[in-house]
Amino acid sequence: MSLPAPKARRSPSLVPSPDSPLVSVRLLFHVGSVDDPPGKEGLAALTGALLAEGGSRGLTYKELLDSLYPMAASIDVHVDKDVTVLSGTVHRDNLDGYYDLLRQVVLTPRFDPTDFHRLQVDHVHHLENVLRAADDENLGKEALATMLYEEHPYGRPTIGTVQGIRSIRLDDVKSFHAARFTRDQLDLGIAGGYPAGFVERVQADLDELPSCPLPTESSFRLRSRPGIEVLLVTKPARAWAISIGFPIDVTRADDDYYPLLLANSYLGEHRTFHGVLMGKMRSDRGFNYGDYSYIESFLQEGGSPFPLPNIPRRTQFFSIWIRPIEARYAHFAIRQSLREVERLQREGMTAASFAATREFLLHYSRLWTQTASRRLGYEMDGRFYGRASLVDELEKRLPRMTVEQVNAAARRHLRWRDASVAVVADPEGAASFAEALRTDAPSPVSYDTGTRPEVLAEDREISAWPLEVSRVRMVRAEELFER
Amino acid sequence: MDSPRLMSHYLVVRAGSRNEVEPGLSGFAHFFEHMMFRGTERVPPEAYNRVLKSLGADSNAFTSDDWTCYHVTAASSALERIMDLESDRFQNLSYGLEAFQKEAGAVLGEYNKSSSMPLVTLFEKLRDLAYTRHTYKHTTMGFLRDIQDMPNQYEYSREFFRRWYRPDNAALVVAGDVDPDRVFELARRFYGSWEAGAARVTPPAEPAQTGERTAHVPWKAASLPYLVVGVHVSAFDPDSVEGRALEVLAQAAFSETSPLFRDLVLDRRWAESVVGFVPARRAPSLFCVMARVKEPSRLAHVREALFGTFERLAREPLPPERIRAVQENLRYRFLRSLDTPDAVAVTLGEALQLTGETSCVDRSFHALERVRAGDIQDSARRFFAPENRTVVTLGREAEAGP
């Protein structure tokens, strides 16, 4: 599969809110970790980090921090697979001062060797000491990505690999920046209570960026072997984090995405209590803290349950996030969650569930854009996919959607039989777990507490449900993301 | 706020892990927060979730040392139904043993989900060591042994509800696109029958610390070494210049623009991060400074640099322009944070749980404006003496503590 990158648009996205005392700016460059050259995996992330924490030609990073500090403002940079976003929000009292700093960082970054070496070491540490060791839930998600996308850049952490990061030199960053952070790759967005003339001023400044169209193409090598595969990532763990997924061939650009979004919301809307997975796994059985599902790459924005905008991708995947669970329930939980996907795919939603979920989404989606900055982010994501903002698309499409469309989308896209399953497992118990998976052994569960008869009856069905795993591998956490 | 047609309904209960004075019951305020979602006779949990789903509401709760907060954000038009639901569960909560025990499993799962993170264990150890008597000794999650015993505490959970879930121990905040008169009318209608009678608790006072305490946490998995220093400071008082002086000090001495950060993180690159913070608590709490160190061999150097900063803060006055920059930062940070109904409601909710009055927000900013260099030196002298601090390090199992 080969997909071109969406083209940058020259007209800015604007979300004016004249009474707001805040102004937000988002600069979305169509450059991300997919553009890392082979052997330099992590170059986009390091370049982005140096923009955020490297000052400008006229200001050292320390001076930049000093200037931003009294405004309580920051220049935030998020590097993702397909895009890099520089963003910030500032009180309009300080807009001129802030914008002057942002402009300098974007047009004339400093690329100081000291900052480069500091960030390079930090990025390696992040892989070695955080992701592999101290963040099992994200380790599970990144391990799943390695299974879904194998050799493709989507299949490794955005931050890169240990050897890739170590091989990057400061000159690599400079050339990468010069070639990729051009005006042809930029989408500009401005929101809030910005003054007259501000948009034109920013546009004129950004026109100083070099022009160098560099269309990026990316060949996706998806796993071609059929069947359910399991990867056990071993490390000390008192509970096991599980991520399950498979690629899907719809994004917000496709009409089928929207009914699939509804089906997914019913199955496992992020951080809500009414999803099927949450109800059955947490509320009925007390297995763990939470169980959710997704039809696209998802990051939560800060402490809110809402998705971080501006992480669009050319291709997406379905996933289930089973939060750390006691080892004795892990096999059962994999069976149970995939069985729910299978049921949704085969039986579909009832008319009543459909109506309730549609009602929910119509209201809930409005909470995703509570600030002008977030409205702007959604607007820009819409452009990436050639659509309106997701919230506007839902407002338009949901009232016309039918349960048949939803069930047809679920039937077409929930191809659970080719799921990949990543489990962060304690070494003690991993081998016997692998054997149980290989032999499709029953996985009965027992509880230390009282359980309703209908739950116990369903347990008996789930524990013998044929999972038919085709391949089980085991890898030590410290071996992942090395090169 | 720039969130038309939306509102947040925050129910603030002044019960947190500080209330957990009985041995073996640490973590109970947080556990009870979970139980509040297990329904009433009129509205069982499935119906509660169904109604919230139909309203497209974002609903959840959190617990901290001093309070528990139940929040719902939804369309302004949903306020009446939300108040109906919320006031019902706060007055008529009802659940059986099975639901109680299943929820205990979810709470253990919440503990487990964070168990791979060194920070969680680091702060568990810091509190356990820094406090001998006060309930801040345990984290809000509670001691693991107590979490594991939660399924056996059904009766106590009923008692917990009777003691603390009372209107004289709670506050309602509604923020956003609403008509205030209508909010007061609905509040009277739905919450008016809630019966007062909250219990009182005075957690045991923490005796003054008389000597430096240290500990090392050996960590099984790979980790950069961590260092945290906790210093006993006073309870939150909105009018206290000394309290605001500590907030200015935390920023001036330990933020990204501080000399220590520049030295350790940017120049010598011994630490990946340095951060200092002083939590606002109803009882004397811990001012904390934490560093993530790049090499085990640098741990002792970082610790010395940190202690040197403590000494210098007592000895040398901060330049007035530095204090001014911090005051500006704190003011704009606060203004920027008030950008959603949620953010406004949580700010007022915290003010109410801390002092019972929303005026404390303005009062604390007035006190902040009065901070001068001498106040910062006085605070440093008073609190940063070695005998008042607790130092905890964490590192790989093979590496001994300093």
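Q: What kind of model is it, and how are things numbered?
A: It is a predicted model, in which local features need pLDDT of at least 70, side-chain atom pairs count only at pLDDT 80 or more, and totals for chains, interfaces and linings use all residues. Residues are numbered from 1 along each chain as its sequence is written, while chains are lettered from A and ligands numbered from 1 in the order in which they are written.

Q: What are the ipTM and pTM of the model?
A: The model has an ipTM of 0.92 and a pTM of 0.94.

Q: How many helices and strands does chain A have?
A: Chain A has 17 helices and 13 strands, counted as DSSP runs numbered from the N terminus, with at least four residues (H or I) for a helix and at least two (E) for a strand. Its radius of gyration, taken over C-alpha atoms, is 23 Å, close to the 23 Å that the globule rule (2.2 Å times the number of residues to the power 0.38) gives for 483 residues, so chain A is as compact as a globular protein of that length.

Q: How much of chain A is buried?
A: Buried residues, those with 20 or more other C-beta atoms within 10 Å of their own, the C-beta atoms being placed from the backbone, make up 55% of the 483 residues in chain A.

Q: Switching to the interface, how many residues of chain A are in contact with chain B?
A: There are 59 residues of chain A in contact with 51 residues of chain B, where contact means that the C-beta atoms of two residues, placed from the backbone, lie within 7 Å. Elements of chain A that each supply at least two residues to this side include helix H4 (113-131), helix H5 (136-149) and strand E11 (316-325).

Q: Now chain B, which domains does it have?
A: An automatic or database domain assignment gives chain B domain 1 (6-191) and domain 2 (213-396). Their centres, taken over C-alpha atoms, are 28 Å apart, and the contact takes 26 residues from domain 1 of chain B and 25 residues from domain 2 of chain B.

Q: Which element gives the largest share on the domain 1 side?
A: That is H5(B), which supplies seven residues of the side of domain 1 of chain B that touches domain 2 of chain B.

Technical notes:
A residue is buried if 20 or more other C-beta atoms lie within 10 Å of its own, exposed if 12 or fewer, and partly exposed in between; C-beta atoms are placed from the backbone.
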